[in-house]
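This report describes one protein structure for a reader who is new to the subject. Please keep the sequence and the three-dimensional view at hand while reading.

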Amino acid sequence: MSLPQFLSPRWGLLLLWVGWLASGHLTLVTRAANQDESKVRPYRLPDPLRLEDGRAVTNAQQWIQERRSQVLRLFEDHVYGRPLPTPTARRFLVVREDPQALGGRAIRQDVQLEILQPRAGIALDFTIFLPRSATGAIPMLVGLHLFDTAAPEPRPAVGRRLPGQPTPDPTPAGKATLEAILNRGFGLASLNLGYLAPDSPTEYRRGAAYLMGIDTNRPPEPTETGALGIWAWGLSRALDYFETVPEIDAHRVAVIGHSRMGKAALWASAQDPRFAWTIANNSGCGGAALSKRDYGETVEIITRAFPHWFAPHFRTYAGHEDQLPVDQHQLIALLAPRPVYVGSAAEDHWADPQGEFLALVHAEPVFHLLGTPGLGTTSAQPQLDQPLGATLRYHRRAGQHDLTDVDWEHYLRFLSP
Ligand code: GCU
């Protein structure tokens with residue numbers, strides 16, 4: 001049974017913030033997030049196809065050679081922070097292997113990434129399942145916290161579960177989803193946050209950030225990576241591992257994530273073009289939703305509740321979103337020309353379904369410039385549960401914030417029609 005609505009974290013956030021005044025009195029600061037479309041203030045989005053010196057980007061080469069790196073740098077400096085370096089002294093350890101997992105249908109591996117320099121230790125652990133019926137190299141789906149890797153069998157339907165929250169009972173639907181993934185010939189990998197970057201403002205630098213040389217004794221620099229950037233780094237390291245496994249087709253890896261993990265999936269793929277597909281489910285603010293659109297969660301709300309997710313610099317735009325030199329449609333543009341799927345849920349107002357949809361619409365010129373079809377619409381949201389578009393694809397599922405079997409079904413059809 002789910003929590004009563006008013007007890008859920010998002011309602012708590014929606015209704016009030018608690019602030020201390022200089023006088024020392026506890027004061028309640030009401031910050032109702034706007035959920036009324038008619039109250040969205042006018043906003044202006046930066047043009048993805050305009051270079052910093054004002055020139056227009058008119059051909060694919062100009063985007064690839066000049067503009068793309070400018071946009072990437074804007075996200076590093078103003079939103080997520082500069083990436084951790086790629087480790088050169090490292091090794092992967094297969095700590096457990098079961099060649100007969102899931103009743104003989106899959107090979108399971110539990111893998112750790114050990115960093116040897118600049119500091120030594122385990123930076124990441126993840127679990128993979130490969131279908132045993134595969135005849136050729138296996139394409140992969142990879143994401144953070146897609147299933148509980150401590151459980152004997154993965155349960156993709158628990159994608160909604162977050163660290164620290166109780167594990168819901170496994171549902172038959174979850175098992176069916178896993179089977180559908182394997183039946184399509186895809187392997188599945190799920191990364192844990194524990195070694196990598198625990199989801200906590202005081203702990204997130206304890207793992208990979210520390211091992212990769214960040215000085216955790218001082219407060220983070222304005223453009224130092226937040227947790228989303230470290231999680232994204234972990235996704236790329238899992239892809240490094242796939243490149244070492246002959247059974248895996250590392251050129252066909254889809255990165256997928258739900259909610260905060262959807263934000264990390266987008267940022268990982270924007271930085272690492274080795275990911276062939278990107279799927280962001282209900283990723284919302286700091287994910288696919290436009291930041292300058294004042295609907296649902298805002299920069300102000302998210303950087304107060306989750307200050308550690310972003311570079312400290314991002315906080316300076318709280319209440320000043322109009323001054324952000326970049327917005328999330330440009331994050332989608334960084335994925336071009338690779339296929340991208342953004343999934344919204346109709347009742348997930350917090351994540352701003354319309355803002356997620358509009359980010360795709362405004363990323364489309366870059367996809368067109370690179371010769372790929374986009375969404376094929378400029379304004380109207382598709383009907384509920386009716387996916388729209390090709391290389392840029394979108395659906396608005398009926399219901400609430402969640403990664404459901406209906407979402408998975410759409411995503412699997414996108415990956416293997
Ligand atoms: C909170 C947060 C969202 C995030 C979500 C989640 O609701 O405000 O930005 O997407 O948690 O990760 O479940």
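How many Å separate an oxygen atom of the ligand from an N or O atom in the side chain of Ser259? The separation is 2.7 Å. The model in which this value was computed is a predicted one.

**The ligand and its surroundings**

Ser259 belongs to a shell of 11 residues around the ligand, and it is listed among the closest together with Arg260, Lys263, Glu297 and Trp350.

| Residue | Distance from a ligand oxygen to a side-chain N or O atom |
|---|---|
| Ser259 | 2.7 Å |
| Lys263 | 2.8 Å |
| Glu297 | 2.6 Å |

Taken alone, the ligand would expose 320 Å², and the protein buries 92% of that area. Sorted by class, the residues of the shell comprise five nonpolar, two polar and four charged members.

Strand S7 covers residues 187-191, and because five of its five residues are buried, the strand is largely enclosed by the rest of the structure. Gly187, Ala189 and Leu191 point one way from S7, whereas Leu188 and Ser190 point the other way; all of them are buried.

Which strands pair with S7 in the antiparallel and in the parallel sense? Strand S5, residues 121-131, pairs with S7 in the antiparallel sense over four bridges. Strand S6, residues 138-144, pairs with S7 in the parallel sense over five bridges. Leu188 of S7 takes part in both pairings: Leu188 is the bridge partner of Phe129, and Leu141 stands opposite Leu188.

Helix H6 consists of 16 residues, 227-242. At 1.5 Å a residue, H6 should span 22 Å, and its end C-alpha atoms are 23 Å apart, which agrees. Since 16 of the 16 residues of H6 are buried, this helix is largely enclosed by the rest of the structure.

Helix H11 runs over residues 405-415, and its buried residues are Asp407, Trp408, His410, Tyr411, Leu412, Phe414 and Leu415. The N-terminal end of H11 is capped by Thr404, with a side-chain oxygen 3.2 Å from the backbone nitrogen of Val406.

**Loops and backbone details**

Thr378 is placed in the loop between helix H10 (353-369) and strand S11 (392-397). Is Thr378 buried or exposed? Its relative accessibility is 60%, so Thr378 counts as exposed, the cut-off for that class being over 50%. Thr378 and Leu360 are 18 residues apart in sequence, and their C-alpha atoms are 9.3 Å apart in space.

Two cis peptide bonds deserve attention here. One runs from Gln117 to Pro118, with omega near 0 degrees; Pro118 lies in the loop between strand S4 (106-115) and S5. Another runs from Ala336 to Pro337, also with omega near 0 degrees, and Pro337 is found in the loop between helix H9 (328-333) and strand S10 (340-345).

Positive phi values also occur in residues other than glycine. Leu102, in helix H3 (residues 101-104), has phi near 50 degrees. Leu102 is buried, with a relative accessible area of 15%. Asn282 likewise has phi near 50 degrees, and its place is in the loop between strand S9 (277-281) and helix H8 (299-305). With 1% relative accessibility, Asn282 counts as buried.

Technical notes
Residues numbered from 1 in each chain as written. Predicted model: local features only at pLDDT ≥ 70, side-chain atom pairs only at ≥ 80, totals over all residues. Heavy atoms only, no water. Near = heavy atom within 4 Å. Polar contact = N/O pair within 3.5 Å; in protein donor to acceptor, adjacent residues only side chain to side chain. Areas by Shrake-Rupley, 256 points an atom, 1.4 Å probe, with all protein chains shown as cover. Nonpolar A, V, L, I, M, F, W, Y, C, P; charged D, E, K, R; others polar. Buried < 20%, exposed > 50% of the residue type's maximum accessible area, 1.4 Å probe, protein only. Helix = DSSP H or I, 4+ residues; strand = E, 2+ residues; numbered from the N terminus. Pairing = 2+ DSSP bridges. Expected span 1.5 Å × (residues − 1).
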